[in-house]
Amino acid sequence: MENKKSCGDCCTKINNISFKAGKQVILDDVSLHIHCGSLNVIIGKNGAGKSTLLRAILGEIKHEGTIDFNSKSDGKRSIKLGYVPQKLNVENSPMTVYDMAGSLCSNSPVFIKKNKKVYKELQEHLKEFGAEDLIDSKVSRLSGGELQRVMMAIATMPYPDLLILDEPISGMDKNGKEQFYSQISRLKVDHDLAIIMVSHDFEYIKKYADKVIMLDKKVVAKGTPDEVFASKEFIDTFGSI
Amino acid sequence: MLDYEFMRNALFAILIITPLFGLIGTMVVNNKMAFFSDALGHSAYTGIAIGMLIGVSNNFISMAIFAILFAILLNKINDSKIASKDTIISVFSSTAIAVGLVILTKNGNYTEISNYLIGDILNILPQEIFILLGIFALVVLFWIFGFNKLLGISVNPTLAKSKGINVKLIENIFVILVALIVTVSIKWVGILIINSLLILPAAASRNISKNMRQYHLWAVLFSIVSGILGLVISYYQGISTGPTIVIISSIIYFITFALRRFSID
């Protein structure tokens, strides 16, 4: 299943992105082409600009350069993004999975009576991620793996053109990670999704990623996992693996 | 007790204010904004003082305008991440209260200060009840159309943005509503305890609620019950109404806190 060739129907072009915080350069002329149906993993040491690049793609910060989405079937149009954040503010909250997913994916107010139609739609979508039984659970009580499945379901409702994952697997055990990676591999094939992920699980990146991009303010290495892991830049920073 | 017009007005006001406090409080607690709403209360002094300086006869207007500007400014500065949130709020809150006090005490006049410090719900006028009704309608409308977005933003603002939510707009509307409801009620509840009315019912509800529907229901109920009980008890005992309401809310909070401990342990 892994390393499947992309369909090439659509492409997200990230052109010459630069960003400065005051005088400090955070991103310097970063350009990437992300094809649909491919898993692209961004690696780099702390402060290399990984999260900033994601924030630029998400339109959170003002940056130089452009981000274009092009689809052969419907031409140039604005891109639909899905996002799974690193941290959530859900501590001690009485919010259930229905409340959270409903608030982000529907206009039916979640503080009033449950909307049966929305409930059913959410439940069906959660089912694709094996999370349908969690719909009435409190988000603050979910395990790392459960929360991950729920967040993936929310990010893909509706399915986006580009799915952005910011270190989504912190706090998960080996079994959970394996499940997570096989799940995103299935997603990219079934829904022809382009995925950008920040991660440092080299073992899984080697097995599942189509493309690895190593950042250190600019792109210092890119290619297949094997190519990047064998590069001088990678070995100088992370050592041989 | 309802033979007196001022008691009827007070009861009407409580029936409008307390559900609002319960409703708004749910998100003030959820977004960890307790300190923020406290600062808004303190800013009222500056609002009153500025109103006096420029000769606005109705304190409410100067207080409301100042509180809204104060809230938006705090929100904006908060985004710039220059210093930590609590430090920024503390600086603004202290400055606002100090400026207000200096102006108000210029002629050795301290009565205005103590009036607003404790507040008196029995002072409410019928026309003020209409202002309250207007704010009530605004908040309910915003809750129906904006609550989902507000909750999404509280989970993670970037995630909310990726779902097409206008984060800044919704956040600003929310702080403006908090500012409005705090300023409009301060005359009757008092600067000292206004924040407890906002925080306690929601905090108590949070202890026992299993979802957003229960969270809202209990917060609003606790708020209304404390308000009415507080008014009745304070009338028959001849004590101040605001603090009585707060004491009842606190008792409810401690009961729910104990219930939570039992249910978890």
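Colleague: How many residues of chain B are in contact with chain A?

Modeller: Keep in mind that this is a predicted model. In it, 24 residues of chain B are in contact with 24 residues of chain A.

Colleague: And which elements of chain B give two or more residues to that side?

Modeller: Those are α6 (126-155), α7 (157-162) and α10 (212-237) of chain B. The biggest giver is α6(B), with 7 residues. Sorted by class, this side of chain B has 8 nonpolar, 11 polar and 5 charged residues.

Colleague: Why is α8(B) described as largely enclosed by the rest of the structure?

Modeller: Because 17 of its 23 residues are buried.

Colleague: How do I read two helices packed together?

Modeller: In general, two packed helices are described by the angle between their axes and the distance between the axes. Here, take α3 (residues 59-79) of chain B and α8(B): their axes come within 9 Å and cross at roughly 145 degrees. The crossing of α3(B) past α8(B) is right-handed.

Colleague: Which residues meet there?

Modeller: From α3(B), they include Phe60(B), Met63(B), Ala67(B) and Phe70(B). On the α8(B) side, Val175(B), Ala179(B) and Val182(B) are among them. By class, this contact has 15 nonpolar, 3 polar and 1 charged residues.

Technical notes: Residues are numbered from 1 along each chain as its sequence is written. Chains are lettered from A and ligands numbered from 1 in the order in which they are written. This is a predicted model: local features need pLDDT of at least 70, side-chain atom pairs count only at pLDDT 80 or more; totals for chains, interfaces and linings use all residues. Two residues are in contact if their C-beta atoms, placed from the backbone, lie within 7 Å. Helices (H or I, at least four residues) and strands (E, at least two) are DSSP runs, numbered from the N terminus. Ala, Val, Leu, Ile, Met, Phe, Trp, Tyr, Cys and Pro count as nonpolar, Asp, Glu, Lys and Arg as charged, and the others, Gly among them, as polar. A residue is buried if 20 or more other C-beta atoms lie within 10 Å of its own, exposed if 12 or fewer, and partly exposed in between; C-beta atoms are placed from the backbone. Axes are lines fitted to C-alpha atoms, for helices over the stretch in contact, and angles run from 0 to 180 degrees between N-to-C directions. A crossing is left-handed if the near helix is turned anticlockwise from the far one by less than a right angle, and right-handed if clockwise.
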